[in-house]
Amino acid sequence: GLSRTPSRTGAAGRGVELVSTGEVACFGEDMYEAFLLSMMATGFHVPKPGSRVLLSTGPLPSKLQLLEAVRDLHAMGFELLGTPGTAAFYSERGIPIATVSKQPAGSAVRTRGEQGTRTALELVRSKAVAMVVYVALPDDTRDITSGVELRRAAVERGVALLTSEKVFKLFVETLRRVKSWEVKTWREYVSMLTVEESAVGSSRSPAPGFGPHSPM
């Protein structure tokens with residue numbers, strides 16, 4: 001799930017399924033480059049190493065599923081912030097992550113380099129984070145309310161937002177693999193595909209009875 005543009009605030013409150021109503025397709029040297037370019041084509045701002053990423057990774061199965069991706073994100077140099085449950089989970093597994101409160105009325109932990117305390121929502125609204133990764137807790141009305149506010153703030157401020165475990169894992173793997181890319185024309189990609197198809201076709205041997213000199 002990706003939030004496409006800052007102007008689409010209504011989508012933030014209608015759940016993950018309706019966050020994106022359009023599709024973007026891009027060519028690349030491999031699936032990772034094509035995925036990254038398609039993300040950028042939607043207006044998604046790819047965070048740079050050293051920037052802050054706010055994590056709220058939902059129920060325990062989701063936290064476990066994203067464990068290695070979160071570990072990789074830290075290894076690439078991103079500063080991780082997490083809502084209380086998320087921060088506790090990854091901190092217990094040796095991943096440095098600061099804790100921030102979800103609710104404006106709650107108590108927030110001071111984040112590195114900041115004076116005073118700010119909640120997750122305040123950090124997003126002030127664009128003090130480069131990306132938000134938010135996985136909702138099922139059947140929790142309090143989480144739904146705070147989650148809507150957090151996602152809406154990200155969309156309104158143009159902060160990168162991911163709401164799918166699969167997309168987040170693919171995004172982190174893409175950051176690991178793709179360091180640069182080259183802009184190519186449509187004709188260049190078509191010619192690459194033609195060469196590949198020709199190579200595959202020439203390597204296939206004809207089926208018995210269907211060669212060029214087979215008797216009719």
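What percentage of the 216 residues of the protein count as buried? In this predicted model, the share is 39%, where buried means under 20% relative accessible area, exposed over 50%, and partly exposed in between (1.4 Å probe, protein chains only). Residues are numbered from 1 along each chain as its sequence is written, and side-chain values use heavy atoms, with hydrogens and water left out. Local features need pLDDT of at least 70 and side-chain atom pairs count only at pLDDT 80 or more, whereas totals for chains, interfaces and linings use all residues.

The protein has 8 helices and 5 strands. These are DSSP runs numbered from the N terminus: helices are H or I with at least four residues, strands are E with at least two. Their order from the N terminus is α-β-α-α-β-α-β-α-β-α-β-α-α. Among contacts with a separation of 6 or more, 66% join residues 24 or more positions apart; contact means heavy atoms within 4.5 Å. The accessible surface is about 12,200 Å², with 56% belonging to carbon and sulfur atoms. These areas come from the Shrake-Rupley method with a 1.4 Å probe; for residues, only the protein chains shown count as cover.

Confidence is given as pLDDT, the predictor's value for each residue from 0 to 100. The mean is 78, and 69% of residues reach 70 or more. Residues 1-18 have pLDDT below 50, with 42 contacts in the model beyond near neighbours in sequence. Residues 105-116 are also below 50, with 18 such contacts.

Lys 127 lies in the loop between α5 (120-125) and β4 (131-134). Its phi is near 55°, a positive value in a residue other than glycine. Lys 127 counts as exposed because its relative accessibility is 51%.
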